[in-house]
Amino acid sequence: MDVTRADVCAAAIADAFSEDGEIFASPMGLLPMLGVRLAKLTSNPDLVISDGESLFLAGVPPLNAKGDVVEGWIPFRRVFDVVAYGKRHVMMGATQVDRHGNQNISAIGDWRQPKRQLLGSRGAPGNTVNNRTSYWVPRHSPRVFVERVDIVTGVGPELARQAGPAAARFNDIHRIVSNLAVFDVGGPGDTVRLLSVHPGVTVDQIWEATGFELDVPADVPTTREPTAEELILIKEMLDPRGLRFKEVPRGETA
């Protein structure tokens, strides 16, 4: 089977959730939802998934499908209980990410008079100080990977420590997956570190597309391609309509 960059990204996201065990997965976006459902069917069957609205699902339906087997109810007010308790791994988007793992989805420019208003902080601060948090970036560029975010919505480890034990205790920025590579915050001083480049991508391309000094190991592996089983699950069960290509177009090949 042909492997697309979107398929590689789905497998990389699945790997980010593979060792979580029985935990509530909260993916935001098409590729994060696809990756989480792939993990549920392969590496981590104990993952707890929802329909993204108010129901825990017993099965693993295709993207945007309704009517699957329901095993629990989680109304909006209950979500905050789960956030505070901590048995959750959320993967959010990021309009900006800086070298210290801080995220911005609020606004671009000076917060007092921003050039562009975005989503707002929403649940990002609470997520990052209470739950394991990962980020998905479908368009890796220096405009996204910046030296310093304009507004901190998702809190990285350094700022969490500065805020004190209440913020730092459960702060866990786990993975940053982009359409080009996979990262964590395991660099010096908990800075962003390159873990792997997707097939067909070079380290030089990552340098050019990143607006800060990146920690790059001497030997950078290639992100794994999905297995034959995973490709069948992606193409025939989870996303037969090809919705993943809305975020990572077909032209981006592995």
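1. Contact is taken here to mean heavy atoms within 4.5 Å. On that criterion, and not counting residues up to four places away in sequence, F170 touches T128, V129, N130 and N131. The structure is a predicted model, in which local features need pLDDT of at least 70 and side-chain atom pairs count only at pLDDT 80 or more, while totals for chains, interfaces and linings use all residues. Residues are numbered from 1 along each chain as its sequence is written, and side-chain values use heavy atoms, with hydrogens and water left out.

2. F170 sits in the loop between helix 6 (165–168) and strand 12 (172–178), where helices (H or I, at least four residues) and strands (E, at least two) are DSSP runs numbered from the N terminus. With a relative accessible area of 43%, F170 is partly exposed, that is, between buried (under 20%) and exposed (over 50%), for a 1.4 Å probe and protein chains only. From C-alpha to C-alpha, F170 and L233 are 33 Å apart in space and 63 residues apart in sequence.

3. Helix 1 and helix 2 pack with their axes 7 Å apart, at an angle of about 60°; the axes are lines fitted to C-alpha atoms over the stretch in contact, and angles run from 0 to 180 degrees between N-to-C directions. The two helices are therefore oblique to each other, since angles under 35 degrees count as roughly parallel, over 145 as roughly antiparallel, 65 to 115 as roughly perpendicular and the rest as oblique. Among the residues that meet are A6, C9 and I13 in helix 1 and L31, L34 and G35 in helix 2. By class, this contact has 12 nonpolar, 1 polar and no charged residues, with Pro counted as nonpolar, Asp, Glu, Lys and Arg as charged, and Gly as polar.

4. The axes of helix 1 and helix 8 come within 11 Å and cross at roughly 110°, which makes helix 1 roughly perpendicular to helix 8. D7, A10 and A11 in helix 1 meet E230, L231, I234 and K235 in helix 8, and the residues of this contact divide into 4 nonpolar, no polar and 3 charged.
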